[in-house]
Amino acid sequence: MDKKNNPKILIISTDACSYPGIDNAGQKHLEYSANTYVIRTLDPVIFPVYFYLEAFDAGYDGIYIASCGTDSPYKNTFEKLSARIELVVAEMKKRGLHYSQIKLTAICTVCADHFVHELNEFIEGVVENMPPKIKA
Amino acid sequence: MNDKKLEKLGVYVCHCGGNISDYVNTSKVAEVIQQEPEVHMAKDFIFMCSDAGQKMIAEDIKANDLTHVIVASCSPRLHHMTFQKVVSEAGINPFTYRHVNIREQVSWVTSHDEPAATEKAIRLIRGAISAVVRLQELAAIEKQMIQVGAVIGGGVSGMTAALDIANQGLPVHLIESSPVLGGRTLDLDKLYPYEIPADKFVQNLIKKINSNENIYIHLNTEVVDTAGTIGDFTLKLKRADNKLVNTEEMQSFEIIENESDAINVDELHVGTITIATGFDTYVPLDGEYGYGKSKQVITLPDLIMHLNSYKKKRLEINGKIINKVAMIHCVGSRQIEDVHPLREGATLNNGCSRTCCTATLQQANRLKDMFPDIDIYDLYRDIRTYGEKEVYYKKASENNVIFIKYPDEEIPQVDTNGSLKIRTVDELTYGLEVEVEVDLIVLAVAMIPRAKPRLIETLSLATGVNGFLQEAHVKLQPVESPVDGIFYAGTAQGPKDVRESTMSASATSVKASTLLKKEIVELSPYIAEVNTEICDGNGDCITQCEYNAISIVPIDDGKKQAIITPALCVSCGACVPACKKNAIKLNGYEITTILAEVKAMVKEVIL
Ligand SMILES: Cc1cc2nc3c(=O)[nH]c(=O)nc-3n(C[C@H](O)[C@H](O)[C@H](O)COP(=O)(O)OP(=O)(O)OC[C@H]3O[C@@H](n4cnc5c(N)ncnc54)[C@H](O)[C@@H]3O)c2cc1C
């Protein structure tokens, strides 16, 4: 696949909010890049910094974290997750990755249109800012 | 539980009629997947969820001694459990089953590019194969259920919740901190929308409660501490004083001293807890719309209570005859930053209180009915008399209530020096400045969360943005807390009128009773687990756990170790990254497993 125009995106979803929301995009037959891979979690707060870095090392060009935001059923996890992503971005910088290659957002159970719109924007940002060695 | 090593994996690719196979080359997917070293057999079929599909999988498991199964079909939200059941009945641990979503997340979103959709399906299945290799066998945690419920808060929500549980034949304790049942509904006059007298409504509920042998009432009682988990909660109770209300006498709301037959216990053991602790009303700041500066500025609940026992022909409040009244909506609700004053340390309440528009117009009409000559000015931002409550707006218009729509960002100014004056901009007359002199200002104050009782802290319950109790999921679990066995009823969860409160209470009771009817409750096996060989008990995980599920215990040689209380763990996973030694994992969601899945999905696909 043409990496430049078709970056590989890992989508981290949550059982309570974004997984049903992403399903909803399918139910509405909204199209988005096929080079996107959804994994299901209870809450992305579970992932340590190294998880994201290893995913980039494995070949993902972008990681889109579709959390529950402040609607998380779990106490204070969004705050913890936000702090973690700041650490990830700092580490990404050291490795020559651009901050636009990761996005922390909130997707609800019926946020289908919003999800697709935001994902497309995210992919555009990834393509735009990919370091030259990957972009080539 | 002994883990069964992956020896023989069966992968099943569903066509879903043509929902998948019209866009994904399903036979190609099966063919490519068959080449994976871990895969014993891969098949595609028209409908995996059909009887024939399920039978085929079950027979394959038996005939080929399959140890693991993956089905790639629609969303796991539809059929994960279907296939878990199929594999379980055929002798495979259901928690080692993996479901891949190639319909909602592949065929239905990639309908114009078959090679890309096919490649994506293959990658997702490869990810699942990598995960399955590592998945542990798990079993639901079984726990004995104490088949007794507790409802905390004896307002209309708590009473309804208790009655509905009791009517299922289950014993239930109703714990109320004040000397009487009824909550804030007791302060009301007639309940909109059907103008049912509030006292009659409450008395009717009390009557039913009194005649129900399954309900144990604890008045003047607060829960001061809690322990335990679903199936076996301990509630420590404290009575405020010795004054108890005789349950027989309650209809007259009389307080009597030391009634001998009143129930007296200080510790309860229950299987579920329903929280129905209700709401508070907003107290305006000193000087907010003249409140506290003039006795003629009162709140809507003050007005209702004043009128409840009022008998005179002319309205008099605080020694003043009232001819002109202004009513101001949204006091303490729908607050806007830098527009509305805030108490120190208070957070902005940007939510709508839902009840006050109707309650205000109901009282405006009541005033007009009682004192026809009174002039009423209604200062509002938006009128939210939703649904059938619109009749109150219509009646107020017919009653010549004068409506003034003030802008969101320009709150009316009240002058309390000399005569009481109110100045505002009226959007209905294209921004005309209006000044009226009135004898009384009534503030329609917000419904706000109660000051957090200790109970909420000890049960580790989350509150949402506006401070009310936050449900586990706004649409999918609207009356459940994130903690198993704890439910919410009524306004403790957010502003509601009586009907909405009792509806939520009834919904809660169905959830609680369903659990209480079981002798054994099954808990999710997806809980955190400590690797005792690695853990050094440094406690980093404890600081991340918001649910008191982790404790540090001493072990041999003066060493320490973290342990998890399974029933307290809500599976959030926050503790996992806290451990620098990777000594803690969330069963079913191990980082190594998810990473393997993630990595397997990027491997090259040759079609
Ligand atoms: C001005 C106004 C007018 C209204 N008019 C109407 C109307 O006309 N029609 C209508 O349908 N609705 C009306 N409402 C809404 C109505 O008041 C509520 O829907 C109703 O009172 C909610 O009942 P509840 O049981 O949820 O809460 P509450 O009435 O607040 O009852 C909660 C109970 O829990 C007890 N409690 C609190 N904390 C504890 C604790 N820690 N331990 C034990 N017990 C505790 C309290 O003492 C109380 O008895 C009005 C509201 C307002 C503010």
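Analyst: A salt bridge is a side-chain nitrogen of Lys or Arg within 4 Å of a carboxyl oxygen of Asp or Glu. The structure holds 36 of them over all chains. This is a predicted model, in which local features need pLDDT of at least 70 and side-chain atom pairs count only at pLDDT 80 or more, while totals for chains, interfaces and linings use all residues. Residues are numbered from 1 along each chain as its sequence is written, chains are lettered from A and ligands numbered from 1 in the order in which they are written, and side-chain values use heavy atoms, with hydrogens and water left out.

User: What makes Glu59(B) and Lys55(B) a salt bridge?

Analyst: Their closest N and O atoms are 3.8 Å apart, and the limit is 4 Å, so the pair qualifies. Both residues lie in helix α2 (residues 51-64) of chain B, 4 residues apart, about one turn of the helix. Helices (H or I, at least four residues) and strands (E, at least two) are DSSP runs, numbered from the N terminus.

User: Which side chains meet in a salt bridge at 2.8 Å, N to O?

Analyst: Those of Glu546(B) and Lys80(A) do. Between chain B and chain A the count is 3 salt bridges. Contact, meaning heavy atoms within 4.5 Å, takes 46 residues from chain B and 49 residues from chain A. The area buried between the two chains is about 4,300 Å², with 60% from carbon and sulfur atoms; buried area is the accessible area (1.4 Å probe) that two parts lose on being put together, summed over both.

User: Why are α1(A) and α4(A) described as roughly perpendicular?

Analyst: The axes of α1 (residues 18-27) and α4 (residues 112-129) of chain A come within 8 Å and cross at roughly 90°. Angles of 65 to 115 degrees count as roughly perpendicular, and the two helices are therefore given that description. Gly21(A), Ile22(A), Asn24(A) and Ala25(A) in α1(A) meet Ala112(A), Phe115(A) and Val116(A) in α4(A).

Key:
Axes fitted to C-alpha atoms, helices over the stretch in contact; angles between N-to-C directions. Parallel < 35°, antiparallel > 145°, perpendicular 65-115°, else oblique.
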